[in-house]
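Here are some notes to read beside the sequence and the model. They begin with a strand and then turn to a helix, to some loops and to confidence.

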Amino acid sequence: MRLPATPSRLILLCLAGILARHPASGLLAAEKLEELAADSKQAVEAAVGLAEARRTVGRYADALAALDKVNAASSDRWQLARAEVLSEIGRYAEAIEAAGKAVEINSRNTSARRLLGQLYEVTGDRPKAIETYAWFEALLRRSYPTTAVALTDSGIAIYRHAVLTRSPQTTARTKYVLQELLQPAVERLDKKYWPALLASGELLLSKYNLEQAGGEFKAALKINRNLAIAHVGLGTIALDQWDSEKAAEEAAAALKINPNSPDAHCLQARIHLMERKDAESVEAAGKALEANPNHLEALGVLAAARLLHGDKAGMQEIVSRAEKVNPHNAIVPNEIASWLAMRNQFSEAEPLFKKAAELAPEWADPLTGLGMLYMETGDESAARRVLDSSWKLDPFNEKTFHTLNLLDKLEKFGHQETEHFIVKSADGPEAIIRPLVADYAEEIYARICDQFNYHPPGKTIIEIFPEHGSFAVRVTGRPFLHTIGATTGPVIAMDAPRSGPTSMTFNWPGVLRHEFVHTVTLAATGNRIPRWLTEGLAQREEGRHWSWEWCRMLAMALRRGMLYDLDSIDWGFVRPKRRRGPMLAYAQSEWMVRYILEHHGPQAIGTMLAGFRDGHRQDDIVREALGKSAEAFMKDFTAWAGKQAESWGLPLDPIPPVEEIDKRLAKAKDAEKVALLISKAEALLDEHELDKAAKAVRDARKLNDRDTRVLAVMVQTLWAQAGQSDKKKADALRKECAEIAEELAKRDPDNPTACWVLGSQAIKDKDRVRAVEMFTKVAKARPGDLYARSRLAELYIELKQPEKALAELVELARLDSNEESHSLRAARIHADAGRGAEAVEWYRKALMVAPYDRDTHEALGQLLMRDQRFAEAADAFRVVTQLKPASAEAHSRLAFALYRAGRTEESKAAAKRAVSLDPKSDAQSLLED
């Protein structure tokens, strides 16, 4: 590469970029820069370029050495470069001195002045920061900057000036900075100037505008893939969306670029805290502080991690250390408060949020955190007050915006108060759920509280939301959440159980029991219970029967050695390392609770709850409650689980990792190869690697086409492939699948895999008798197979055998409590057979899933009228009038039910309403007496 006699700054920056991005060619670039640094004419610029490259990859000492080698104290660029390195490693006083000298040398060096203001903020000198940033306000009044650098520096500075001075123009300033300074810097002045994109991304991220922030970080990486801080930004977004796997990927990408990045290590520490890996968080925060001992965010995370790990003295030591960096810093108390609130340690978090708000009255985040805390503890009036204050400081904060909108809706909710609960929901037709939930909550209260020997000190608030978006905001502050119920302890939030584009029906009594167990166990342990235990207890109380798919998943986890241990199971809920990881975490949690209760009794659960309440470590609690170490517990549990899975009729031979299977295949003989290939196919099928699984099982069939296990796995694989293929390919795969299933059935007539496929084919061929034969075999072998039982119920109805259909529907309703159609069909069969009492019972079971279904309430009311249960019929018809307030027929039916129940005055009122809607209504006859 031949350089001109006087290389331009662009060439020097290109060399620096090569050094930073490409290690191999970077060596040559480094040599060239060092050569230029020896030339007095190019020394300063070359040293600055070399320092920038080394700083980018975390070689901070080498970066300072490159600058010290030329010692150009009279160069503002040299002083700025030195300040940037010193700032990154926490030598703030020296960095302030260097940035100040750069400004003295060149008063128009906007980057030095902007950095100086930021350093004053970090060290707590707010007046000097404001004074420094004010220069940019004056600059913009005089003239519009003509370079991308100056425009970006100006944008950052005037935004911070507005925030620190609590300017009433902060909202306008934010829009101006984003749209008139940062955006033009990269779009109009320099399309490659990625610092403008970074600044925009960080500003948007501070407002929780995650989508747009992510777009800015990605755009910056397209220009310069070597931006560790952009990966940190993307990781922070992922973590805020509870995607710790993606966050970890971004942290790793940042550390690959800069192994010493304090921000990347700090992100890793936050990920560990999210996963409740407090010891690992302490370690990661420590690595951040090795690079920058005064990094306030890392100090805050370390303090939180030590506190949550039970080291209160260690936490206080870190707080004192941070106060030496900045005696007025709000970052550390806000960080600690945020993680305490995340763990539901609300009483400990509240004063820290307040302290942070007092220390930084211009910063909205502590107030937002405090407002969200009040939302989670059910103090909505306090939440409104605090969030209004936060909104005045930062009207761009999306979390605050969504929560304030939610509070507007909550203020219009009606409520019903009982001895132990306050149930809230929207008025109008939505209100029908309130008395149902209130009565049921009181019904389960004593039993659940007595079970855990704990009664919550105050009334539990239950809020039922008519649309999923509001429920999600209630739980997370944003309208995106993939669940139907959640609790923070004092407040239970639920979706309304109804059909719709953004909602669904579900067994709301089961969900309420599940969430109230969380309420009790969280409160009983001071919110210290590990997630696996509270979820296992809640799942057990919910009472759902395991489907065949859950059984297969658990058995496969056993075979593959993929059950979680006690140290990893909580990660499975938030950072699963495999497909269906969260589902496995829920199922295994309940399985472990079953084992503990069966082998150690309910007193063991009580001992564990007390241990967590007192802040003991999990290993010590397990030893005290179960009389064995955590490792011994897992060994015994796994052996017990194997016997359970064996009773399901599933294979339990171990499946090694695919990599290990491939190694064995290279040395195996044909007989052994078949078994290995089948194990490989099953593992790949479990991971949904369908094409690879198909190849493995086809290879096995070439070696042995008579082995029933080979044929069964091939049937499973082909059927799964068909479900992921276009119609033409799916038809071909299902045809081949049926042929192999026939072959399998000849060798093993009762094989459930073969019968499942042949039954499905028989339905397609309209051969109902054979379909019944096949699916009966499946149901016998796999009692929890919902598909087989659903097909049998339909087939028996088509064959005019309602009593046989009823038997299947009863089992389906037991296995799948979230589906109302099973109960409805059972109710109709009972009603057609003249069994009114049984039909009523099944209609009411259907309403436990779909309480807003008008047709079910109407059918129930008519059946009750037929059985002369008039008062109950009136109750059913009254709900119909709430759901269909403009229906004259609904009001007429209510009127007649009330009349037959002897409630004459109420009957006349309903009749008048019916006649007002339809003058020809039959209810007119009730008004003529």
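1. From strand β2, F421, V423 and S425 point one way while I422 and K424 point the other way, and all of them are buried, where buried means under 20% relative accessible area, exposed over 50% and partly exposed in between, with a 1.4 Å probe and protein chains only. Strand β2, residues 421-425, is thus described as mostly covered, with 5 of its 5 residues buried. Strands (E, at least two residues) and helices (H or I, at least four) are DSSP runs numbered from the N terminus.

2. This is a predicted model, in which local features need pLDDT of at least 70 and side-chain atom pairs count only at pLDDT 80 or more, whereas totals for chains, interfaces and linings use all residues. Residues are numbered from 1 along each chain as its sequence is written, and side-chain values use heavy atoms, with hydrogens and water left out.

3. On one side, β2 is joined to strand β1 (residues 414-417) by 4 bridges, and the two run antiparallel; strands count as paired if DSSP finds at least two bridges between them. The bridge partner of Q416 in β2 is V423, and β1 and β2 form a hairpin with 3 residues between them.

4. Strand β2 also runs parallel to strand β3 (residues 460-465), to which 5 bridges join it, and K424 stands opposite E463 in β3.

5. How far apart are the end C-alpha atoms of helix α17 (residues 296-308)? They are 18 Å apart, which agrees with the 18 Å that its 13 residues should span at 1.5 Å a residue, the expected span being 1.5 Å times one less than the number of residues. In α17, 10 of the 13 residues are buried, and what covers them includes α7, α15, α16, α18 and α19.

6. Two loop residues other than glycine deserve a look for their positive phi: R166, near 50 degrees, lies between α9 and α10, and K766, about 60 degrees, lies between α39 and α40. R166 is partly exposed at 49% relative accessible area, whereas K766 is exposed at 72%.

7. The mean pLDDT (the predictor's confidence in each residue, from 0 to 100) is 89 for the chain, and 92% of its residues reach 70 or more. Over residues 1-28, however, the pLDDT is below 50. Where pLDDT is low, the predicted coordinates should not be read in detail.

Note on methods:
Contact means heavy atoms within 4.5 Å.
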